[in-house]
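Please take a moment to look over the sequence and the model displayed below. The paragraphs after it begin with a group of aromatic rings and then move on to the strands and the surface.

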Amino acid sequence: MKTVGAFLFYFFLVTNLYSQVNTERFRIATDSLGFSCRAGLDMILMKGNTDFIFLGTNSRLNYNWGEDYIFLVFNGGFGENNGKSFFSQALMHLRNVTSINDFLQVEEFIQYNNDKQLLLLNRTLAGVGFRYKLISNKETVLRLGTSAFFEHESYDLPLFSFHSN
């Protein structure tokens, strides 16, 4: 029985620690009610011996109504050098967080992303999960979360491609 428990612990925790997109990096601590926004825009245009263009964003819109909040993230960009694309990716992530009590939150989320360098034409997902507060003091809040989601991916690869790893 201990072997089964150890296997389930490994399968559900350790095998799922590495996500394709780290959405936790988009979380911000906010205790102000109402709307808040963080917008980062990048633009580089150069003409001369080389024509270089880069446009990018890293933005988040947040609405907080007490213990519950919703946020929308836009992240990505486009880069071109002498007419040839070298960077093209986008991520849109919408998440609603509802506090059940002081220790438990329920989250619903949807996400879309693409990444030319990874040959990812599109990836869509929708899911729901729980977050448990393990530690909370003036300097730190530590939560453990788990979720289940439906995911669909399309790649720019031939039909019967094989990856050696």
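F35, Y63 and W65 are joined into a cluster by ring pairs, where rings of Phe, Tyr and Trp (its six-membered ring) count as a pair if their centres lie within 6.5 Å, and planes under 30 degrees apart are called stacked, over 60 edge-to-face and the rest tilted. The model is a predicted one, in which local features need pLDDT of at least 70 and side-chain atom pairs count only at pLDDT 80 or more, while totals for chains, interfaces and linings use all residues. Residues are numbered from 1 along each chain as its sequence is written, and side-chain values use heavy atoms, with hydrogens and water left out.

Seven aromatic pairs are found when the whole structure is searched. The pair formed by F130 and Y132 is stacked, with 6.5 Å from centre to centre and 25° between the planes. Another kind of ring contact involves R60, whose charged end sits over the ring of F71 at 3.9 Å from its centre; the criterion is that NZ of Lys or CZ of Arg is within 6 Å of the ring centre and within 35 degrees of the ring normal.

The protein chain holds one helix and seven strands, and along the sequence these follow the pattern α-β-β-β-β-β-β-β. Of the 165 residues in the protein chain, 25% are buried, a label for under 20% relative accessible area, with exposed meaning over 50% and partly exposed in between (1.4 Å probe, protein chains only).

Strand β4 (residues 84-99) pairs with β5 in the antiparallel sense over eleven bridges, where pairing requires that DSSP finds at least two bridges between two strands. S99 has Q105 in β5 as its bridge partner, and β4 and β5 form a hairpin with four residues between them. Strand β5 (residues 104-115) also runs antiparallel to strand β6 (residues 120-136), to which eleven bridges join it. Along this pairing D115 stands opposite L120 in β6, and E108 stands opposite V128 in β6. β5 and β6 form a hairpin too, with four residues between them, and L119 in the turn has a positive phi of about 60°.

Which residues make the nonpolar surface patch of about 540 Å²? They are F130, Y132, L134, I135, L142 and L144, and patch members are residues with over 30% relative accessible area and no salt bridge, like charges being joined within 9 Å and nonpolar side chains (Val, Leu, Ile, Met, Phe, Trp, Tyr) within 5 Å. A salt bridge in this sense is a side-chain nitrogen of Lys or Arg within 4 Å of a carboxyl oxygen of Asp or Glu. β6 and β7 each supply at least two residues of the patch, and the largest share, four residues, comes from β6. F130 is partly exposed, with a relative accessible area of 38%, and Y132 is likewise partly exposed at 37%. L144, found in strand β7, is partly exposed with a relative accessible area of 43%.

Notes. Areas by Shrake-Rupley, 256 points an atom, 1.4 Å probe, with all protein chains shown as cover.
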